[in-house]
Amino acid sequence: MITVYHLDNSRSQRILWLLEELELPYEIHFYKRDPRTMLAPKSLRNIHPLGKAPIITDTEGDVTLAESGAIIEYLVERYGNGRLQPERGTPAHVQFLYWLHYAEGSAMPPLLLKLVFGLLPTRVPFVIRPIASLIAGGVQSRLINPQLKLHMDFWEQALSRSEWFAGKDFTAADIQMSFPLEAAAMRAGALGGRPHVGAFLRRIHARPAYQRALVKGSAYAFASAGDGPA
């Protein structure tokens with residue numbers, strides 16, 4: 001049996017979606033963020049030493065695994081039977097691997113920096129908030145926002161060539177890429193002048209498996225990102 005250790009409003013929502021696409025049975029253990037820090041609770045360290053969601057266990061394979069990309073590769077390889085990934089040795093499979101690892105390796109760091117520097121002025125003593133606001137604003141305008149624009153334009157270009165990131169077919173790489181695009185749509189203006197990014201988000205949100213995962217996963221604030229008018 002596969003068990004997902006699931007944190008509300010987090011990247012672990014993608015794993016629920018993948019399992020729904022693969023039509024696999026699974027259990028969910030729910031965890032909530034600390035309301036003061038917005039971090040995962042320390043109790044997740046009982047499952048994996050780093051205490052970060054998502055984590056899965058698979059009793060059939062005697063596996064405990066963290067990291068979204070690794071979990072997706074494991075589940076698709078073990079249970080996919082050829083589904084949700086292009087045939088090996090094809091150009092589409094190379095693109096599949098690229099986007100599967102790009103999502104966390106390149107796309108998420110500037111989004112996390114934007115979140116951290118956006119919160120910074122509210123997390124310091126009142127007396128130094130004006131200085132913190134100036135520093136945070138400068139870092140965002142000079143460093144973070146230009147990097148985000150570079151990535152968001154890159155997504156738009158890729159999706160202008162095909163409906164899905166690895167080519168003409170929907171794959172697990174699209175599941176992995178969903179969170180950066182949803183987060184950027186909510187926090188970084190990804191939809192401004194990028195119709196293909198918006199269309200991608202509307203396509204994934206319309207998938208029955210995505211909708212089933214939302215029902216099972218509970219709170220996920222990013223689910224409506226990009227669902228406005230075209």
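Reply: Helices here are DSSP runs of H or I with at least four residues, strands are runs of E with at least two, and both are numbered from the N terminus. The model we are looking at is predicted.

Me: How many helices and strands does the chain have, and in what order do the elements run from the N terminus on?
Reply: Counted in that way, the chain holds 7 helices and 4 strands. Read from the N terminus on, these elements follow the order β-α-β-β-β-α-α-α-α-α-α.

Me: Why is the chain said to be as compact as a globular protein of that length?
Reply: Along its principal axes, the C-alpha trace of the chain spans about 60 × 45 × 30 Å. For 230 residues the globule rule gives 17 Å, and the chain is as compact as a globular protein of that length because its radius of gyration is close to this value, at 18 Å.

Me: What percentage of the residues in the chain is buried, and what percentage of the contacts between residues at least 6 apart in sequence joins residues at least 24 apart?
Reply: A residue counts as buried when its relative accessible area is under 20%, and buried residues make up 47% of the 230 residues in the chain. Turning to contacts between residues at least 6 apart in sequence, the share that joins residues at least 24 apart is 66%.

Me: Is threonine 3 buried or exposed?
Reply: Threonine 3 has its place in strand β1, which covers residues 2–7. Leaving out residues up to four places away in sequence, threonine 3 touches Glu27, His29, Ile55, Ile56 and Thr57. The relative accessibility of threonine 3 is 8%, so this residue counts as buried.

Me: Which two residues are joined by a cis peptide bond with an omega of about 5 degrees?
Reply: The loop to look at is the one between β2 (26–31) and β3 (55–58), where proline 54 lies. The cis peptide bond, with its omega of about 5 degrees, joins alanine 53 and proline 54.

Me: What is the relative accessible area of serine 68?
Reply: Serine 68 has its place in helix α2, which covers residues 68–79. Not counting residues up to four places away in sequence, serine 68 touches Arg11, Arg14, Ile15, Pro54 and Gln176. Serine 68 is buried, and its relative accessible area is 4%.

Me: At what angle do α2 and helix α3 pack?
Reply: Gly69, Ile72 and Glu73 in α2 meet Leu97, Leu100 and His101 in α3. By class, this contact of α2 with α3 has 3 nonpolar, 2 polar and 1 charged residues. The axes of α2 and α3 (residues 91–119) are 8 Å apart, and the angle at which these helices pack is about 145 degrees.

Me: What separates the C-alpha atoms of glutamate 163 and aspartate 174?
Reply: Glutamate 163 lies in the loop between α4 (129–161) and α5, and is partly exposed, with a relative accessible area of 46%. Leaving aside neighbours within four places in sequence, glutamate 163 is in contact with Phe200 and Arg203. Glutamate 163 and aspartate 174 are 11 residues apart along the chain, and the separation of their C-alpha atoms is 10.0 Å.

Me: Why are α5 and α6 described as oblique to each other, and what is the hand of their crossing?
Reply: In α5, Asp174, Ser178, Leu181, Glu182 and Ala185 meet Val197, Phe200, Leu201, Ile204 and His205 in α6, and by class this contact has 6 nonpolar, 2 polar and 2 charged residues. The axes of α5 (residues 172–187) and α6 (residues 195–205) come within 10 Å and cross at roughly 120 degrees. Angles of 65 to 115 degrees count as roughly perpendicular and those over 145 as roughly antiparallel, so α5 and α6 are oblique to each other. The crossing in which α5 passes α6 is left-handed.

Conventions: Residues numbered from 1 in each chain as written. Predicted model: local features only at pLDDT ≥ 70, side-chain atom pairs only at ≥ 80, totals over all residues. Heavy atoms only, no water. Axes fitted to C-alpha atoms, helices over the stretch in contact; angles between N-to-C directions. Parallel < 35°, antiparallel > 145°, perpendicular 65-115°, else oblique. Left-handed = near helix turned anticlockwise from the far one by under 90°. Contact = heavy atoms within 4.5 Å. Nonpolar A, V, L, I, M, F, W, Y, C, P; charged D, E, K, R; others polar. Buried < 20%, exposed > 50% of the residue type's maximum accessible area, 1.4 Å probe, protein only. Rg over C-alpha atoms; globule rule 2.2 N^0.38 Å.
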